[in-house]
Amino acid sequence: MDESRQIRNFILKNFLFSEDEGSLSDEESLIASGAIDSTGVLELIMFIEETFQIKVADEEMIPENLDSVQKIIAYLHGKRSSQG
Amino acid sequence: MCGIAGTAGRFANDDSIKAVMRSMIGTLHHRGPDGYGFFHDSGIALAHARLSIIDLVSGDQPISNEDGSVTVIFNGEIFNYVELRAELERSGHRFSTRSDTEVIVHLYEDMGLEFVQRLNGQFAIALWDARLRRLILARDRVGIRPLFYCVVRGRIWFASEIKALLAALPQLGRLDPFGVTQALTFWSPVDPSTAFEGVESLPPGSVLEFREGVPVQTKPFWDWDFSDESREAEPDVDAIAAELRELLIDSVRLQLRADVPVGAYLSGGLDSSGIVSLIRGFTSAPLRTFSIAFEDSEFDESEHQREMVEYLGTDHTTVRCSNSDIGRAFPRLVYHAETPVVRTGPVPLMLLSATVRAEGYKVVLTGEGADEVFAGYDIFKEAKIRRFCARQPDSKLRPTLLRRLYPYLANSPVASTAFARTFFSQGMEFIDSPIFSHVPRWNTSRRACSFLSKDWRAAVSDRDPLSWMDSRIPARVARWSPLGRDQYVEAKTLLAGYLLSSQGDRVAMANSIEGRFPYLDHRVVDYAARLPSRLKLRVLDEKHILRRALRGLLPDSILGRGKQPYRAPDSRCFFEDGQAPDYVEDLLSADRIRSAGYFDAPSVGRLVDKCRAGRVVGFSDNQAFVGILSTMLVDEYFVRRNPSDVSIPTLAAI
């Protein structure tokens, strides 16, 4: 399964309690759409760290990195290329 | 304290109505185990279940006036009955009992509907005026005692709890989609709404008049009012603190009135410690205190409780509460609350009141209300910071203030400032509305509504709960100070609907215990409402003036302690190693959810899986789980079955 699908499925199942892939686009803001609430961010970060074997630094916990499926993908790419 | 029930309208005084009244009052036995009283006449029937507290000998109800033209039943206490009685006797009234009930009768004779203005107390009253053939229902100012009613074919029915109405009118056993939506969003239906179609709650601080053939009239006689808030530039804080202390002493003195011993709850925080220190310092009442300790250290305050017990030298009992205790007792809570709840916090209080009763007490004083009256909650600070940020939306520095909120949460929503800023900047469309402070909380809670079934979502799709609430707040509120607005909304929603009800009256009365709340004496409420906001929330120091008023009575560690709101563990109480009690598995099974029709079965299944796996950490998932489970319990006890056939649930097996 590609990464964006993996992330989207996690969000669907874990926050929206749905299996309808059409209910969340890659660009949609997770906060503005109500997909995640304030503590949901912590769950999302735990998921990203476990699934993709990275460490999200405190200063990286910002909406610019984590507020949509697309942003998370871009963040993961950036993280890997800076490490690689 | 007691339970009341009755009906008025066109009907004959025969054996069948007597049987109906017996079945109604029978469902309220827990509220008044010391005896029943009835009054029957043509077109009126009243029933009363008594918990004897004042005038143990002659205080039975109903009570009538000298010529029998006015008859009253009531639930609660009139704390200033001694003073009122002396006044009424001076003006020629003759009393046949020593009870507080009788002052209601004579005050009504003198003042008509205005009689409620003179009462200092917590009450739900039903009064029959035989001459005018009218029934009067009245409820105390802030909503301490419950009173529900419905009008069916021109006839009114009322009772302390909905279950008594359902015993007489089984057809009312239907859940109202918007009432449940309110419960999931605001933590309770908001008066006059209830979770049941056709059943209304008489709003706090109002009087209802019923005459046959005339539409029911409900009139407010009191409301929280911040319009006279002082704008004085340099108020004399010492003088105000001293005056407030005197007022609190008098409130405690009045509320200790009883012909049975009175105990007190001690949470370890400022509010309840303040009450106990006032009892100790200014009355001769013996100090008997009770508290809850949690197995789960995130919620436990027993260290602070011990400190207060040692400092004040009280005779103290602690009830230890484990997660599985909460899971086992939850069905019993819902039976008493008879409404969906989104938190488990009421359960430990129900277990606590059982211990109080077992120790031989019927009455407890608590610190409830101080956070509403003196602005103790984080929601007030949060709103202050959000308004401050909104004035300079580009400031990076201002949102860092949010980090000072919620230091006690294991999974804090403000752990990341950047995200916190984004979350708390939601609701800006309500920046000028009185509900602005509550938008983040309600947005978190209302996520539970996404579990509603397609049919139920369609049934409420024309009413957005937040806009609905916004439209219900009286226009004058928008002219008050920001803090006054926030306090008003809190008092009218969480306090009246939940804290005094599901977490107050119901869990105390479940064990025939009466709670009393000195901070909610209306003289204290009115006094505090006139104080400048900054004497309550001083920068971010909550309840500043109360701390000043209690100075010298409490150790500095308690006086200076930050607010830790009372909470209990939620979804984790229902699963042990992935196993849930049978009732949880049954009620949340896909078949059962589908046949009830309120929720979407596959979504509920995924939420249950997440809870079972122990992966639920945030408020919204926890509240959704507790809200769904409690709705299904309400369905079980009050929709599928009739309360007259349901016995009070015992603790579930794990």
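Two strands count as paired if DSSP finds at least two bridges between them, where strands (E, at least two residues) and helices (H or I, at least four) are DSSP runs numbered from the N terminus. The model is predicted, with local features needing pLDDT of at least 70 and side-chain atom pairs counting only at pLDDT 80 or more, while totals for chains, interfaces and linings use all residues. Residues are numbered from 1 along each chain as its sequence is written, and side-chain values use heavy atoms, with hydrogens and water left out.

**View 1. An open sheet of six strands in chain B.** The strands follow the order E4-E5-E6-E7-E11-E12 with antiparallel pairing. Strands E4 (63–64) and E12 (214–220) of chain B each have a single partner strand, so one side of each is left without a neighbour in the sheet.

**View 2. Strands E5 and E6 of chain B, joined by nine bridges.** Residues 70–78 form E5 and residues 121–129 form E6, and the two run antiparallel; Thr71(B) stands opposite Trp128(B) in E6(B).

**View 3. Helix H25 of chain B, residues 619–640.** At 1.5 Å a residue (the expected span being 1.5 Å times one less than the number of residues), the 22 residues of H25(B) should span 32 Å, and the end C-alpha atoms are 30 Å apart, which agrees. Because 19 of these 22 residues are buried, H25(B) is largely enclosed by the rest of the structure; buried means under 20% relative accessible area (1.4 Å probe, protein chains only).

**View 4. Thr181(B) in helix H5 of chain B, residues 177–186.** Thr181(B) counts as buried at 3% relative accessibility. Leaving aside neighbours within four places in sequence, Thr181(B) is in contact (heavy atoms within 4.5 Å) with Cys449(B), Leu452(B), Val460(B) and Pro465(B).

Terms used: Chains are lettered from A and ligands numbered from 1 in the order in which they are written. Buried means under 20% relative accessible area, exposed over 50%, partly exposed in between (1.4 Å probe, protein chains only).
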